[in-house]
Amino acid sequence: MLELKHIKKYYHVGDSTTKALDDVSVAFRQREFVAILGPSGSGKTTMLNGIGGLDVYDSGDLIIKGKSTKDFKASDWDAYRNNSVGFIFQSYNIIGHLSILNNVEMGMTLSGVGNAEKKAKAIKALERVGLGPHMNKRPNQLSGGQMQRVAIARAIANDPEILLCDEPTGALDTETSVQIMDLIKELSAERLVIMVTHNPELAAQYANRIINFADGKIQHDSNPYQEETGSDHFALKVDCKFNPNFWTNLSA
Ligand SMILES: Nc1ncnc2c1ncn2[C@@H]1O[C@H](COP(=O)(O)OP(=O)(O)OP(=O)(O)O)[C@@H](O)[C@H]1O
Ligand SMILES: [Mg+2]
């Protein structure tokens with residue numbers, strides 16, 4: 001359902017060039033749990049942001065449901081980012097002065113979902129992640145694991161087909177990490193989950209597929225996928241405006 005073809009992303013700073021992504025080709029199944037492992041600076045976040053449409057490539061193509069994104073209009077990218085993809089970050093990106101419920105509703109601000117439906121979806125997502133009883137608390141009244149659950153609820157509230165997680169347990173203790181991983185694993189039964197992690201044990205324990213990254217290249221893929229034409233059905237949901245600074249503003 002999602003395929004990267006010969007993706008390159010180079011950064012030029014002064015005289016030096018960093019090949020953050022150096023000709024990456026990989027395809028993902030509609031439902032699977034993929035872990036991306038690799039040293040710091042190997043290009044993992046760059047790849048995740050590219051897959052989520054948060055960043056542009058220099059060359060290559062991202063294919064979504066057999067459709068080249070080279071032909072994507074701005075509105076297609078907006079629809080994809082706002083309705084098809086959910087993001088979870090190591091740092092939660094929760095707004096401190098809003099209630100938990102409001103934080104989850106915020107995630108749907110740009111999705112075109114009406115207010116009543118937004119609230120209903122947020123409540124459902126919070127219950128799903130086990131935060132039903134804590135819904136009216138402020139973020140500073142929560143533990144780290146509960147904060148990450150809020151972030152997960154925000155990411156899944158609009159039921160995205162793709163969930164992208166960048167070090168989701170990086171700031172959590174072992175016991176809490178296991179609880180969060182159990183939750184993400186459960187969510188991967190219904191969607192494609194791609195998770196960047198530094199923890200090979202967690203990857204081996206939870207993911208169905210491990211991709212090892214180094215120097216902007218895939219070094220090993222434990223369960224590669226060859227896209228079969230017509231085997232996947234993936235529809236971009238409704239159109240809406242996307243603010244590229246939305247996620248960074250959330251944490252400001
Ligand atoms: N905006 C930028 N300008 C210049 N270089 C950048 C920029 N963003 C990333 N890079 C470089 O691209 C490379 C890949 O970065 P990336 O953040 O994808 O690594 P990573 O694998 O996610 O690392 P980590 O595990 O530390 O999060 C690194 O060498 C990084 O310094
Ligand atoms: Mg990173």
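I sorted the shell around ligand 1 by residue type and got four nonpolar, eight polar and one charged. For this I counted Ala, Val, Leu, Ile, Met, Phe, Trp, Tyr, Cys and Pro as nonpolar, Asp, Glu, Lys and Arg as charged, and the others, Gly among them, as polar.

A note on the source: this is a predicted model, where local features need pLDDT of at least 70 and side-chain atom pairs count only at pLDDT 80 or more, while totals for chains, interfaces and linings use all residues. Residues are numbered from 1 along each chain as its sequence is written, chains are lettered from A and ligands numbered from 1 in the order in which they are written, and side-chain values use heavy atoms, with hydrogens and water left out.

**Ligand 1**

I looked up who surrounds ligand 1 and found 13 residues, the closest being Ser40, Gly41, Lys44, Thr45 and Thr46. A residue is near a molecule if one of its heavy atoms lies within 4 Å of it.

Next I checked polar contacts, meaning pairs of N or O atoms within 3.5 Å. The side chain of Ser40 has an N or O atom 2.5 Å from an oxygen atom of ligand 1. For Thr46, the distance from a side-chain N or O atom to a ligand 1 oxygen is 2.5 Å, and for Thr45 a polar side-chain atom comes to 2.8 Å from an oxygen of the ligand. On its own, ligand 1 has 640 Å² of accessible area, and the protein covers 62% of that (Shrake-Rupley method, 1.4 Å probe).

Which elements each supply at least two residues of this shell? I found β1 (2-13), β2 (16-28) and α1 (44-51). The largest share, three residues, comes from α1. Helices (H or I, at least four residues) and strands (E, at least two) are DSSP runs, numbered from the N terminus.

**Ile64**

I then turned to Ile64, which lies in strand β4 (residues 59-64). Is Ile64 buried or exposed? Ile64 is buried, with a relative accessible area of 4%; buried means under 20% (1.4 Å probe, protein chains only).

**Second largest cavity**

I listed the residues lining the second largest cavity: Leu48, Asn49, Phe87, Ile88, Phe89, Leu164 and Asp166. Two or more of the lining residues come from each of α1, β6 (85-89) and β7 (162-166). Here β6 gives the largest share, three residues. By type, the lining divides into five nonpolar, one polar and one charged. A cavity is a set of points on a 1 Å grid over the protein atoms alone where a 1.4 Å probe fits but cannot get out, and lining residues have an atom within 4 Å of a point.

Key:
A polar contact is a pair of N or O atoms within 3.5 Å; within protein, one must be able to donate a hydrogen and the other to accept it, and residues adjacent in sequence count only if both atoms are side-chain atoms. Buried means under 20% relative accessible area, exposed over 50%, partly exposed in between (1.4 Å probe, protein chains only). On a 1 Å grid over the protein atoms alone, a cavity is a set of points where a 1.4 Å probe fits but cannot get out, and a pocket is an open set with protein on both sides within 12 Å along at least five of seven lines; lining residues have an atom within 4 Å of a point.
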